[in-house]
Amino acid sequence: MPTMPETGAEDVHAVTAISISNLKKSFGDNEVLKDISLDVKPGEVVCIIGPSGSGKSTLLRCVNLLETPTSGTVFVGPEEITHPDADLDRIRQRIGMVFQSFNLFPHLTVLENLTVAQTKVLKRPKSEARDIARRNLHRVGMSHKEGAYPAQLSGGQQQRVAIARSLSMDPQLMLFDEPTSALDPELVGEVLAVMKALAAEGMTMIIVTHEMAFAREVADRVVFMDGGYIVEQGPAANVIGDPQEPRTKSFLHRVLNPMVIAPEEVTAEDNAATAN
């Protein structure tokens, strides 16, 4: 992490979308995050990769305090969301989050799913909320489904609706937690295409993903995590195409060449991670 200027921490946070410093998170005796520091610039796309159980999703959830860090700080722009007196509801309005599961209200139509938070949280008039919802449905290619219910949609369509719902809250940054992991392979591409378009528009994004080709194409920076640490980070072409750390090389070898792994290459640690 860059050295703080002498003029004060606020100068750093004024030029970062997210600033994570010395973050630790434990669940009982299990320390999941071990002194993580990471800055994300406005407009930057950061993809986080690594084996199961490495702390990727926990790190993402700490950014908007869905998980409370054991220690360390998280700034969203100039505001510390980890401060005891932080206005969480207000700061969270600036952060969109898309999960593995779609979390759509099954009893509401697509359009209603996109307007309910706008009217209740942002206090927008219903007509304005509908206009914004329709604009975002168009962005994700789902305008033709505004009257459908979630059960009538494919998994890929539901995830695109979930993205449009987040966009309708006018977030300054987006967090994606394995957004394609619950989808059938043939549906992954339509969701990734929406995320590529958001990146091209300059949306600040942190994406936990196992899609290496997507990360290499879209990410400004790739962060490899293992065992609760950031092991390696840098431009996507470097980290994925020419990793320097042995653990990164081992992980990418297994991910990119899954059919050539000999049984003896699979360690006890990998078996435990897979079980998680």
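Student: Great. Is this model predicted or experimental?
Tutor: This is a predicted model.

Student: OK. How many helices and strands are there in the protein?
Tutor: The protein has 11 helices and 10 strands.

Student: And what share of the residues is buried?
Tutor: Of the 276 residues, 49% are buried. The accessible surface is about 13200 Å², and carbon and sulfur atoms account for 51% of that surface.

Student: How much of the contacting joins residues at least 24 apart?
Tutor: If you take contacts between residues at least 6 apart in sequence, 63% of them join residues at least 24 apart.

Student: Now the sheet. What is the order of the 6 strands?
Tutor: The order is β6-β7-β8-β3-β9-β10, in an open sheet with mixed pairing. At the edges you find β6 (95–98) and β10 (229–234); each has a single partner strand, so one side of each lacks a neighbour in the sheet. On average, neighbouring strands are turned by 15 degrees against each other, ignoring direction.

Student: How do β3 and β8 pair, parallel or antiparallel?
Tutor: They are parallel: β3 (residues 45–49) and β8 (residues 204–208) are joined over 4 bridges.

Student: Let me jump to β9. How many of its residues are buried?
Tutor: 6 of the 6 residues are buried, so β9 is largely enclosed by the rest of the structure.

Student: Which residues sit on each side?
Tutor: One side of β9 has Arg221, Val223 and Met225, and the other has Val222, Phe224 and Asp226; all are buried, and both faces are covered.

Student: What does β9 pair with?
Tutor: β9 pairs with β3 in the parallel sense over 4 bridges, and Arg221 in β9 is the bridge partner of Val46. β9 is also joined to β10 by 5 bridges, and those two run antiparallel. There, Val222 has Gly234 in β10 as its bridge partner, while Asp226 stands opposite Tyr229 in β10.

Student: How many residues lie between β9 and β10?
Tutor: There are 2 residues between them, and the two strands form a hairpin. Gly227 in the turn has a positive phi of about 60 degrees.

Student: Which residues other than glycine have a positive phi?
Tutor: Asn22 is one of them, with phi near 50 degrees. Asn22 lies in strand β1 (residues 18–27) and is partly exposed, at 42% relative accessibility. Lys123 is another, with a positive phi of about 60 degrees. Lys123 belongs to the loop between α4 and α5, and is exposed, with a relative accessible area of 64%.

Student: Speaking of α4, which of its residues are buried?
Tutor: In helix α4 (residues 110–120), the buried residues are Val110, Leu111, Asn113, Leu114, Thr115 and Gln118. Their cover includes α5 (126–139) and α6 (155–167).

Student: Last topic, rings. How many aromatic pairs does the structure hold?
Tutor: It holds 1 aromatic pair. The ring centres of Phe224 and Phe251 are 5.3 Å apart and the planes are at 40 degrees, so the pair counts as tilted. The pair links distant parts of the chain: Phe224 is in strand β9 (residues 221–226) and Phe251 is in helix α10 (residues 246–256), 27 residues apart.

Student: Are those two buried or exposed?
Tutor: Phe224 and Phe251 are both buried.

Student: And what lies over the face of Phe27?
Tutor: That would be Lys25, at 4.8 Å from the ring centre of Phe27.

Notes. Residues are numbered from 1 along each chain as its sequence is written. This is a predicted model: local features need pLDDT of at least 70, side-chain atom pairs count only at pLDDT 80 or more; totals for chains, interfaces and linings use all residues. Side-chain values use heavy atoms; hydrogens and water are left out. Buried means under 20% relative accessible area, exposed over 50%, partly exposed in between (1.4 Å probe, protein chains only). Contact means heavy atoms within 4.5 Å. Accessible areas come from the Shrake-Rupley method with a 1.4 Å probe; for residues, only the protein chains shown count as cover. Two strands pair if DSSP finds at least two bridges between them. Axes are lines fitted to C-alpha atoms, for helices over the stretch in contact, and angles run from 0 to 180 degrees between N-to-C directions. Rings of Phe, Tyr and Trp (its six-membered ring) pair if their centres lie within 6.5 Å; planes under 30 degrees apart count as stacked, over 60 as edge-to-face and the rest as tilted. A charge sits over a ring if NZ of Lys or CZ of Arg is within 6 Å of the ring centre and within 35 degrees of the ring normal.
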